[in-house]
Amino acid sequence: MKPILPLLLLATLSTAAQADMTVGVILSTTGPGASLGIPERNTVALLPREIAGQAVKYVVLDDASDSTAAAKNARKLVSEHKVDLLIGSTTVPTSAAVAQIAKESQTAQIALAPFSPASGEQSWIFTIAQTNTLMAQALIEHMQQNGVKTLAYIGYNDVGGEDWHKVLSEMAPAAGITLVRDERFNRTDSSVSGQALKVMSSKPDAVLIGATGTPAALPHTELRRLGYKGTVYHTHGAANSAFLRIGDKALNGAILPVGPVVVWDKLPASHPPRPSPASTRRTTRPSTATTACRRSAPTCTTPCCWCRRPPRRRSRVPSPAPRNFASNCATSWSRPATWSAPMACTTSAPPTISAMTSARVHW
């Protein structure tokens, strides 16, 4: 997220008056989405304070992982702070709530969660997370390769969980996979024993948990406690250290899709997002966005999930990132030491799954 935001900010605010710009940021730094929202809040400190010669001010508000609070915060930022741009929110429901205000006030929004804007909102909403459809392609391919014929689903009882179920319902039958159970739980639930027992009774080959952050660990640990031996899949929203900490050893062997950025330093040298040795030579001083990227990753020479922009040109300013550009991978988690990662990544649009490679990463 860090490298792409300055570019999107520049593109979004290019028509603003030549005066200080105000960016409203709505994040879930408390509540069930906090394990995702807190790192996002920390990223705000790395964003540029000046773009194209204009000073940029950031106003950060917490929506407590609540859609009503997210909409209230968005309205406050638009009406009181007169923001030029909205960034947020962390989860799908809160992002959707902000989108309604963005459309109503005709304020551009950079959404951090993978949701599909409703009709009439597309002109104002820019999403930077990989879509559920894109990531489901990697999961379905992995299921096919491992002989999964029946699949159960446990997801959030909200728009985010429903979107994942919709994607599965459309893609699974075409892959010869039968969806045998659909169970839901709330992000704030402390127990999913009933849902887990119903899933166990359907005896699926695998289970997909349509949840994000730390709440995603709850169904997984309960299934293992009840003795489920099949494969458990997760969404890309579960890929963070807090999820690993909460689930601990029960997460061994879980499968989930992530962008190559998560394991960029473990990818083989031939993998598209990895640079060639000759490409690391520099001839000009980089822009702020490029500098921020290089603090944590090598110089990008191909479109990649880390920088999310085209190959570097010999120019001081990198080219704008293509809208909704994403790469995807299917990754197997293991705690506490190592997870093997069969990865399916793509740089095409619309995306397709390319040849599988493998990598290992240590947490």
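Modeller: Ser-89 lies in the loop that runs between strand S4 (85–88) and helix H4; helices (H or I, at least four residues) and strands (E, at least two) are DSSP runs, numbered from the N terminus. The model is predicted, with local features needing pLDDT of at least 70 and side-chain atom pairs pLDDT 80 or more, while totals for chains, interfaces and linings use all residues. Residues are numbered from 1 along each chain as its sequence is written, and side-chain values use heavy atoms, without hydrogens or water.

The peptide bond between Gly-88 and Ser-89 is cis, with omega at about 5°. Most peptide bonds are trans, and most residues other than glycine have a negative phi.

Axes here are lines fitted to C-alpha atoms, for helices over the stretch in contact, and angles run from 0 to 180 degrees between N-to-C directions. The crossing of H3 and H4 is right-handed, a term for a near helix turned clockwise from the far one by less than a right angle, anticlockwise being left-handed. From H3, the contact (heavy atoms within 4.5 Å) takes in Ser-67, Ala-70, Ala-71, Ala-74, Arg-75 and Val-78, and H4 supplies Pro-93, Thr-94, Ala-97, Val-98, Ile-101, Glu-104 and Ser-105. By class, the contact of H3 with H4 has eight nonpolar, three polar and two charged residues; Ala, Val, Leu, Ile, Met, Phe, Trp, Tyr, Cys and Pro count as nonpolar, Asp, Glu, Lys and Arg as charged, and the others, Gly among them, as polar.

Ser-65 is in the loop between S3 and H3. Its phi is positive, about 65°, although Ser-65 is not a glycine. Ser-65 is buried, with a relative accessible area of 16%; buried means under 20%, exposed over 50%, and partly exposed in between (1.4 Å probe, protein chains only).

Strand S3 (54–62) also belongs to the cover over the buried residues of H2, together with strand S1 (21–27) and helix H9 (241–247), among others. In H2 (residues 34–44) the buried residues are Ala-34, Ser-35, Leu-36, Gly-37, Glu-40, Thr-43 and Val-44.

Lys-203 also has a positive phi, near 50°, and is not a glycine. Its place is the loop between H7 and strand S9 (206–210), and Lys-203 is exposed, with a relative accessible area of 71%.

H7 (residues 193–201) packs with helix H8 (residues 217–225) at about 55°, the axes being 9 Å apart. That makes H7 oblique to H8. This crossing of H7 and H8 is right-handed. Ser-193, Ala-196, Val-199 and Met-200 of H7 meet Glu-222, Leu-223 and Arg-225 of H8. Four nonpolar, one polar and two charged residues make up this contact of H7 with H8.

For the chain as a whole, there are 10 helices and 14 strands, and 51% of the 363 residues are buried. Of the contacts between residues at least 6 apart in sequence, 64% join residues at least 24 apart.

How values were computed
Angles under 35 degrees count as roughly parallel, over 145 as roughly antiparallel, 65 to 115 as roughly perpendicular and the rest as oblique.
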